[in-house]
Amino acid sequence: MDCAKETLILHRWNSKMETKLVQIAGKAETSPQFVFNSLAHLIDEGCLKSSFRKLRRWAATGIDKRSYCDYEQDLSVNIHDLHQRLKSGKYKAPDIRRAWIPKGDGKGKRPLGISTIEDKIVQRAVSDILSVIYENDFSRHSYGSRIRKSAHQALSYIRSRIMQYPFRWTIDADIKSCFDSFDHRLILEILKKRVNDGSTSKLISQWMKAGVIDGKQMFNPESGVPQGNIISPLLSNIYLHEVLDQWLEGIRPMLRGEMFFVRFADDFVIGFEYKEDAQRVYQALAKRLQKYGLTIHPEKTRLLNFSPGNKGDSRTFDFLGFTHYWTTSKRGFAVIKRRTKRVKVNRVFKAIYEYCRDNRHERVREQWNGLCMKIKGYYAYFAIPGNFRFLEDVYRKARHYWFKWLNRRSQYNSYTWDGFEDLLKNFPLPRPRIIHKNV
């Protein structure tokens with residue numbers, strides 16, 4: 001099919017689909033108890049083609065080794081065949097390839113599930129439809145993997161709430177192996193409260209129970225959802241909304257003082273006005289999660305007195321890659337500031353070092369392009385007020401490591417510092433600046 005014609009057809013379908021999704025969102029908002037019984041008909045060829053275009057072109061391939069570009073070569077035929085299998089009920093979720101990535105705390109590795117290109121298309125389509133329904137149900141204090149929600153909004157909310165109201169006791173919590181612990185039966189039961197579509201439930205059940213291939217070994221998980229799958233963040237939010245968010249909203253009237261909470265995926269922070277409220281919830285939290293097959297991480301969960309006057313050891317807490325702490329402003333007022341978590345700092349510097357080392361034999365312009373992308377990526381997340389020193393360190397480390405490894409390309413030094421300064425005039429590295437000024 002001609003590219004321009006395909007684009008026009010896809011644009012027209014997107015307009016029609018958007019209208020349908022707006023109608024579904026309106027129904028979900030006005031009728032919180034309404035159960036959607038028929039959604040599968042929305043996944044037509046146009047929906048699947050649109051979902052394909054939303055995928056990352058250079059993403060890792062699944063067990064079939066079929067890439068985005070391979071699938072695109074005969075896209076219309078492939079999409080038609082996929083739709084027919086979905087329509088007839090013959091589609092079966094393929095096995096998942098497992099890869100391992102370093103954990104955020106630097107301790108051990110995290111399993112990552114990589115699906116095939118066709119499975120990613122179907123997951124994208126189902127996720128887009130379900131998100132429209134559940135977006136109206138989710139708590140406004142949940143920020144992870146949400147439409148028009150971000151980590152910076154969560155950081156801003158925590159800071160403003162603690163500074164504007166006397167929340168002095170904080171539960172900094174994390175759920176241990178959260179994605180691996182979800183109860184399959186409970187997920188489907190929770191889904192049926194809002195979406196009782198047989199085809200959709202069948203697909204979700206297949207995705208949760210799909211075989212996992214790790215090297216030469218294969219096993220079928222009895223619990224959890226594959227971390228890395230497109231559908232997994234949405235299923236996580238649906239599960240934790242039932243288990244945690246609604247429970248916290250329900251116990252709020254039973255507390256003596258005020259309370260707030262913020263959740264981002266499986267990490268959450270709960271603030272309290274009074275210590276006795278914090279202790280009661282802290283003791284009940286583990287039992288509540290255990291009821292749904294989840295476990296509080298013993299090393300990453302704690303109750304602390306987070307107040308300006310606290311002089312003890314527990315004066316800070318970590319959330320979303322930042323360490324939160326009290327300090328004094330220039331005018332002498334107590335304020336909360338954030339700095340990059342120490343483990344994250346080391347990981348960022350290590351990543352820059354390894355990039356400069358591993359790409360030192362590439363052309364200078366290619367090295368520069370890649371290094372600038374990495375630096376801009378760090379600025380895009382960590383550039384918040386009070387964290388400028390870290391941004392300066394990123395800039396200085398990038399300059400130092402690049403200079404070092406440019407001079408390791410042969411037995412002779414390629415640049416003196418003066419020569420390197422001249423190089424930076426033609427290939428300047430991004431200067432640090434605060435991007436998120438209102439966080």
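**A walk through the chain**

Ser177 sits in the loop that joins strand E3 (169-176) to helix H7 (178-181). Helices (H or I, at least four residues) and strands (E, at least two) are DSSP runs, numbered from the N terminus. The model is predicted, so local features need pLDDT of at least 70 and side-chain atom pairs count only at pLDDT 80 or more, while totals for chains, interfaces and linings use all residues. Residues are numbered from 1 along each chain as its sequence is written, and side-chain values use heavy atoms, with hydrogens and water left out.

Stay with Ser177 for a moment. Its phi is positive, about 45 degrees, although Ser177 is not a glycine. Ser177 counts as partly exposed because its relative accessibility is 42%. Buried means under 20% relative accessible area, exposed means over 50%, and partly exposed lies in between (1.4 Å probe, protein chains only). Ala265 also has a positive phi without being a glycine, here about 60 degrees. Ala265 belongs to the loop between strand E6 (259-264) and strand E7 (267-272). Most residues other than glycine have a negative phi.

Now step back to the whole chain. It has 15 helices and 12 strands. Along the principal axes, the C-alpha atoms fill a box of roughly 65 × 65 × 45 Å. Buried residues make up 46% of the 439. The accessible surface is about 23200 Å², and carbon and sulfur atoms hold 49% of it. Such areas come from the Shrake-Rupley method with a 1.4 Å probe; for residues, only the protein chains shown count as cover.

Contacts reach along the sequence. Of the contacts in the chain with a separation of 6 or more, 69% are between residues 24 or more positions apart. Contact means heavy atoms within 4.5 Å. Charges come next. The chain has 78 positive and 47 negative charges, and their mean positions are 5 Å apart. Lys and Arg count as positive, Asp and Glu as negative; His and the chain ends are not counted. Each charge is placed at NZ of Lys, CZ of Arg, CG of Asp or CD of Glu.

Go inside. A nonpolar core is a set of buried Ala, Val, Leu, Ile, Met, Phe, Trp, Tyr and Cys residues joined through side-chain atoms within 4.5 Å. The largest one has 72 residues, and Leu39, Tyr239, Leu248, Ile270, Phe272, Val281 and Leu285 touch the most other members. Apart from it lies another core of 51 residues, including Ala154, Leu155, Ile158 and Val345. In soluble globular proteins, nonpolar side chains tend to be buried together. Take Val281 as a case. Beyond its neighbours within four places in sequence, Val281 contacts Ile171, Trp247, Leu248, Ile251, Leu255, Ile270 and Phe272.

Strand E6 holds Phe261. Phe261 is buried because its relative accessible area is 1%. Leaving out residues up to four places away in sequence, Phe261 touches Ser139, His141, Tyr157, Asp245, Leu248, Glu249, Arg252, Val269 and Ile270. From Phe261 to Asp64, 197 residues away along the chain, the C-alpha separation is 43 Å.

Gly257 lies in the loop between helix H10 (232-251) and E6. With 12% relative accessibility, Gly257 counts as buried. Its partners beyond four places in sequence are Glu273, Tyr274 and Asp277.

Ile63 is in the loop between helix H2 (45-53) and helix H3 (68-72). Its relative accessible area of 35% makes Ile63 partly exposed. Ile63 contacts Asp95, Ile96, Arg97, Thr116 and Ile213, leaving aside neighbours within four places in sequence. Arg365 is in helix H13 (residues 364-382). At 49% relative accessibility, Arg365 counts as partly exposed. The C-alpha atoms of Arg365 and Thr116 are separated by 34 Å.
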